[in-house]
Amino acid sequence: MITAVLTNGLQYAIPNSDTDFFKNLAKRMGWTLCETDTKKPQEMEAMPVSWVDEFVGKWQDTRSTEQILQDIHGARTLNDDIAL
């Protein structure tokens with residue numbers, strides 16, 4: 001399987017059966033084909049796979065996981081407590 005990497009870091013896995021199609025499309029569109037086999041495994045892992053990866057490690061909180069869960073559960077209300 002080949003991975004297409006866009007300039008913004010997004011990656012798409014291309015099945016081997018579609019490789020020729022995408023290579024021809026890239027040639028017609030004037031896209032640049034790059035070999036990524038020369039990259040080190042550490043560099044490949046560092047590249048974001050999806051938009052979600054941009055947020056990894058961004059949450060900062062001094063509370064423990066148990067404290068966060070207690071706060072979430074404590075903030076819940078039962079439906080019968082709500083008066084419309």
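Colleague: Leaving aside neighbours within four places in sequence, which residues is Thr19 in contact with?

Modeller: This is a predicted model, in which local features need pLDDT of at least 70, side-chain atom pairs count only at pLDDT 80 or more, and totals for chains, interfaces and linings use all residues. Residues are numbered from 1 along each chain as its sequence is written, and side-chain values use heavy atoms, without hydrogens and water. Thr19 belongs to helix α1 (residues 19-29), where helices are DSSP runs of H or I with at least four residues, strands are runs of E with at least two, and both are numbered from the N terminus. Taking contact as heavy atoms within 4.5 Å, and setting aside neighbours within four places, the partners of Thr19 are Ile2 and Ile14.

Colleague: Does Thr19 count as buried or exposed?

Modeller: The scale is relative accessible area with a 1.4 Å probe and protein chains only: under 20% is buried, over 50% exposed, and anything in between partly exposed. Thr19 has 11% relative accessibility, so the class is buried.

Colleague: What share of the residues of the protein count as buried?

Modeller: The protein exposes about 8100 Å², with 56% supplied by carbon and sulfur atoms; this area comes from the Shrake-Rupley method with a 1.4 Å probe. Of its 84 residues, the buried share is 7%.

Colleague: How many bridges join strand β1 to strand β2?

Modeller: The order of elements along the sequence is β-β-α-α-α. Strands count as paired if DSSP finds at least two bridges between them, and Thr3 stands opposite Ala13 in β2. Strands β1 (residues 2-5) and β2 (residues 11-14) run antiparallel, and the number of bridges joining them is four.

Colleague: Near what value is the positive phi of Gly9 in the hairpin of β1 and β2?

Modeller: The hairpin has five residues between the strands. Gly9 takes a positive phi there, near 95°.

Colleague: What is the relative accessibility of Arg63?

Modeller: Asp61 is partly exposed at 29% relative accessibility, and Asp71 is partly exposed at 42%. Arg63 also counts as partly exposed, because its relative accessibility is 31%.

Colleague: Is the pair of Phe21 and Phe22 stacked, tilted or edge-to-face?

Modeller: Rings of Phe, Tyr and Trp (its six-membered ring) pair if their centres lie within 6.5 Å; planes under 30 degrees apart are stacked, over 60 edge-to-face, and the rest tilted. By this rule there is one aromatic pair. The ring centres of Phe21 and Phe22 are 5.1 Å apart and the planes meet at 80°, so the pair is edge-to-face.

Colleague: Which residues make the nonpolar surface patch of about 370 Å²?

Modeller: Patch members have over 30% relative accessible area and no salt bridge; like charges are joined within 9 Å and nonpolar side chains (Val, Leu, Ile, Met, Phe, Trp, Tyr) within 5 Å. Val52, in the loop between α2 (41-46) and α3 (65-75), is partly exposed at 44% relative accessibility. The patch is made by Trp51, Val52 and Phe55.

Technical notes. A salt bridge is a side-chain nitrogen of Lys or Arg within 4 Å of a carboxyl oxygen of Asp or Glu.
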